[in-house]
Every structure is written in structure tokens, then in C-alpha cells.
Amino acid sequence: MINLEHLTYSYNKGTDAVNDATGKVTPGIWLLLGENGAGKTTLLKLMAGVLRPRTGVCRLDGEETALHAPSVMRRLFFLPDELEVPAQTVRALAAADGIFYPNFSQETLDSNLEAFGLNGKEEITRTSLGTRRKLLAAYALALGVDMLLLDEPANGLDIDSKKTLRRLMAGCVESEQTVIVSTHNISDLRELYDGLMLMHGGRLTVCLTADQILSRLSCVRSATAVPDALYSERSAGVVSSIVRADGSENGDIDYALLYSAVMSGNTEIIKILSDND
């Protein structure tokens, strides 16, 4: 369990990049959304202990990540959008750093690299952006850490590589692990998400599991407007709407639609999602 408790951080005493972020993140694969400058990357850095919050704390199973205790650091890994790798190849990286992660699997790394059509001997600094992302994603998913933070993991990947990444994440992530994926490309991994974190203007507006969202809201598509819809968008002759959940087990989350609704300032939907009852 990851607990965010009133995390606040600002750069150079300016406007808060993260403002009083509070929430509980359970095991599973979580989608982290927000507009440019919303504070997503800063939040990930705070969770990973790369940045120390001005106030508040992030705890991984009760241990504060900002303290950098070895017992915590070996259980988490942050893969930023840009990473300076202290090794020429991923195999060299694994040989040097893999020993610090008790659940690291060389077999999984080999399998992940093969799935991407790589051997791990490619010189990282001489490869394209897409190849670097594949190499590092293959490594990150082989670490078996309890908290894996991925910032735009599909950035630079072609269509087939995105499919491979989705397949690897589905196969590598165990039930006790928590993976948080910050991305603007919602569709890349849409079938995998177990929860949603949504940031807006530095605030963590939503932090709910998929089941919690479906118990409150449902997304429907129809040819005409839906009566009593809380939010609707029309595209190519189809109306996509958000309605109150009716208590049935059937339901789907349109994360892009939900994001647009919250970004539009729809107070009713925001209230429903922020209600702690």
C-alpha cells in the first residue's frame, strides 16, 4: 500500500507544483493523468524520494520513501521520461545494479529484450529514443519491485512496440506490485488499468480504484443524448456520456472522457469522485 499524506512541493519558492496531494494507492496498474504542468512528474519524483516534500510524506507500507532507507529503495524504481544511465548497455546496468533488487530476474530481462527484438548489448547512448525506451522498460519490468513508477513509458514507441509493452506489463506485473503510469496516451495500455490518479493544477483531484469509480459513475455510448447525463461529448455520430452508476456489475471507464469532464470543471462529477463516503 502506498499512502500519500498531504504532499506539497514547489520549485524556487514559486507556485506549488504539487499541492496537498493525499490518497491511497493499492496494488495494481494505475493511470496517472493531468494536463501539461499539472505536477505529474513532480509527484512521481516525490513518491520515489528523488525530491523531498516541503510538507507531507509518501509511505510505502509504512516506510517513508524520502528517507532513502535501503529497505525502501530496493522495493521501488522510477523510470523517468529521460534517464542518464550509468552503463553502456542494459546488460551492464543489470550486472551493476540488479543485485540491489532482491526480485530482479535475469530470465525475465532476457525474455523482455527478446520480445522487443533486442539483445541488451546495444549501446544505450547510440540508440534511438524508441530503442532506449524499450531497453529500459525491459529492465524496469524485470526488477520485480513493489512500486514501479513509469513516466511516459510508451514515448517514442511504434504501434507494434506499444503492443509488446502492453503484453509485457500484463505478464510481468504480479498481483502484489503497484505500477503507476504517467502518460498522455491513454489508449496505449487502457485494458490494464486498475485505478486512476488525476492531477489538475498541482492537486490530486482523483485517486480511486477502477471499482470505486464504477461504483459511482458509468460511461455509455449511444446514438442520441442520454437523459440525465452528467457530461457528454459527440463525435462521429456517437454520443459518449458519463452517468451515475446504476448498481449493475456491467460498466466501463472511458478514461479520456472522464479526464475531459474533470478538466472542464464539471463540479458534479468532481464532487462524486472526491466524496470519501
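A: Start with pairing. Two strands pair if DSSP finds at least two bridges between them. Keep in mind that this is a predicted model. Now take a case: Asn3 stands opposite Arg59 in strand β4. Five bridges join β1 to β4, and these strands run antiparallel.

Q: Which strand pairs with β1 over six bridges?

A: That is β2, residues 16-25, and the sense is antiparallel. Look for Tyr9: its bridge partner in β2 is Val18.

Q: How many residues lie between β1 and β2 in their hairpin?

A: Five residues lie between them. Find Asn12 in the turn: its phi is positive, about 55 degrees.

Q: Is strand β1 mostly covered or mostly uncovered?

A: To judge this, count buried residues. Buried means under 20% relative accessible area. In β1, residues 2-10, seven of the nine residues are buried, so by that cut-off the strand is mostly covered.

Q: How many residues of β7 are buried?

A: Five of its five, residues 147-151. Check each face in turn. Met147, Leu149 and Asp151 are buried on one side. Leu148 and Leu150 are buried on the other.

Q: Which strands pair with β7?

A: Strand β6, residues 76-79, runs parallel to β7, and four bridges join them. Here Phe77 stands opposite Leu148. Strand β8, residues 178-182, also pairs with β7 in the parallel sense, over five bridges. There, Leu150 has Val181 as its bridge partner.

Q: What unit do β7 and β8 make with helix α6?

A: Trace the chain from strand to helix to strand. β7, α6 (residues 159-172) and β8 make a β-α-β unit, and the unit is right-handed.

Q: Now the cores. What is the general idea?

A: In soluble globular proteins, nonpolar side chains tend to be buried together. In this model, the largest nonpolar core has 62 residues. Tyr139, Met169 and Ile269 have the most contacts inside this core. Helix α5, residues 129-142, gives the most to this core: eight residues. Apart from this core lies another, of 28 residues, including Leu32, Leu43, Ala48 and Leu149.

Q: Which residues does Tyr139 touch, leaving out those up to four places away in sequence?

A: Among them are Phe77, Val90, Leu93, Ala94 and Tyr101. Asp97, Gly98, Phe104 and Leu109 are touched by Tyr139 as well.

Note on methods: Residues numbered from 1 in each chain as written. Predicted model: local features only at pLDDT ≥ 70, side-chain atom pairs only at ≥ 80, totals over all residues. Heavy atoms only, no water. Buried < 20%, exposed > 50% of the residue type's maximum accessible area, 1.4 Å probe, protein only. Helix = DSSP H or I, 4+ residues; strand = E, 2+ residues; numbered from the N terminus. Right-handed = clockwise from strand over helix to strand, strands pointing away. Core = buried A, V, L, I, M, F, W, Y, C linked by side-chain atoms within 4.5 Å. Contact = heavy atoms within 4.5 Å.
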